[in-house]
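Here are my notes on the model. Please read them with the structure open.

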Amino acid sequence: MTTCKPLDSTLQQISQLQLDSSKPLVICDVDEVVLHFIAGFERYLSRNELWLDPASFALNGNVKYKESGESVDNEELRQHFADFFEQEAHRLDAIEGAAQALASLAGDTNVLMLTNLPDQYRPARIANLDDHGMPYPVIANQGPKGPAVKTIARGHQQPIVFVDDIPNYLRSVGDHCPDVHLVHFMQDERFGRHVPPLDYVSLRADNWSETHAHIDALLSG
Ligand SMILES: [Mg+2]
């Protein structure tokens, strides 16, 4: 278990949260959970004569040149990520049903977005979410999410649900916060097929209708 603590900028954003301690808390990832990161990344790649090969659950090694079929090396991939964020981070599409589910939950629940993102793109992300009807606080994190969730959850007596697509982040939250309910949201079957069921989550789902019903049941039970 990693014991690293969140970045100072993440801690500062957390310290500014105004959660209603009398209500449950839903902490929700953004990329591939409420916004179509992969579709946006593929738009970017296509413009650059590249494509994403869903050969495994990873981006490193799977971004390839259309012409040669060779993988882009990790150094160049880092630059493409930076360019992608500049060009697409403010206009990713919403995942079907996400905004409606969160809006419905937000009546009786604190809703909070916890996204792994360089800090400089946080305003664009907030605007992008706002455009899609998801005007919730956004915490920009880097690395494992357990330390951030532990800090957010400190002293919160009501149930907490954490939703993410990345197994390592779910595991990290489970390690740091054993009482938090974990939901594995994996809507892109091209990548989901590479991820076996996780025995430490309370649900794996590929859609918001099922996820919403499950969270409702967790929070009312
Ligand atoms: Mg994600």
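Is proline 196 buried or exposed? The answer comes in point 2, after the ground rules.

1. Ground rules. This is a predicted model, in which local features need pLDDT of at least 70, side-chain atom pairs count only at pLDDT 80 or more, and totals for chains, interfaces and linings use all residues. Residues are numbered from 1 along each chain as its sequence is written. Helices (H or I, at least four residues) and strands (E, at least two) are DSSP runs, numbered from the N terminus.

2. Proline 196. This residue sits in the loop between helix H8 (189–192) and strand S8 (203–205). Proline 196 is exposed, because it has 8 C-beta neighbours inside 10 Å. Proline 167 is 29 residues away in sequence, and its C-alpha is 9.7 Å from that of proline 196.

3. Domains. The protein chain splits into domain 1 (8–36 + 94–220) and domain 2 (37–88). These bounds come from an automatic or database domain assignment. The domain centres, taken over C-alpha atoms, are 25 Å apart. Across the boundary, 10 residues of domain 1 are in contact with 8 residues of domain 2. Contact requires C-beta atoms, placed from the backbone, within 7 Å. The domain 1 side of this contact has 4 nonpolar, 2 polar and 4 charged residues. Ala, Val, Leu, Ile, Met, Phe, Trp, Tyr, Cys and Pro count as nonpolar, Asp, Glu, Lys and Arg as charged, and the others, Gly among them, as polar.

4. H4 against H9. The axes of helix H4 (residues 98–106) and helix H9 (residues 208–220) come within 9 Å and cross at roughly 15 degrees. The two helices are therefore roughly parallel. Ala98, Ala101, Ser104 and Leu105 of H4 meet Trp208, Thr211, His212 and Ile215 of H9. The H4–H9 contact residues comprise 5 nonpolar, 3 polar and no charged. Axes are lines fitted to C-alpha atoms, for helices over the stretch in contact, and angles run from 0 to 180 degrees between N-to-C directions. Angles under 35 degrees count as roughly parallel, over 145 as roughly antiparallel, 65 to 115 as roughly perpendicular and the rest as oblique.

5. H2 against H3. Helix H2 (residues 37–47) packs on helix H3 (residues 74–88) at about 105 degrees, with the axes 10 Å apart. H2 and H3 are therefore roughly perpendicular. From H2 come Gly40, Phe41, Arg43 and Tyr44; from H3 come Phe84, Gln87 and Glu88. The H2–H3 contact holds 3 nonpolar, 2 polar and 2 charged residues.

6. Two glutamates with positive phi. Glutamate 32 is not a glycine, but its phi is positive, near 70 degrees. Glutamate 32 lies in the loop between strand S1 (25–28) and H2. It counts as buried because it has 21 C-beta neighbours inside 10 Å. Glutamate 49 also has a positive phi, of about 60 degrees. Its place is the loop between H2 and S2. Glutamate 49 has 10 C-beta neighbours inside 10 Å, so it counts as exposed.

7. Glycine 61. Look in the loop between strand S2 (50–52) and strand S3 (63–65). Glycine 61 has 14 other C-beta atoms within 10 Å, so it is partly exposed. Its C-alpha is 9.0 Å from that of leucine 77, which is 16 residues away along the chain.

Conventions: Two residues are in contact if their C-beta atoms, placed from the backbone, lie within 7 Å. A residue is buried if 20 or more other C-beta atoms lie within 10 Å of its own, exposed if 12 or fewer, and partly exposed in between; C-beta atoms are placed from the backbone.
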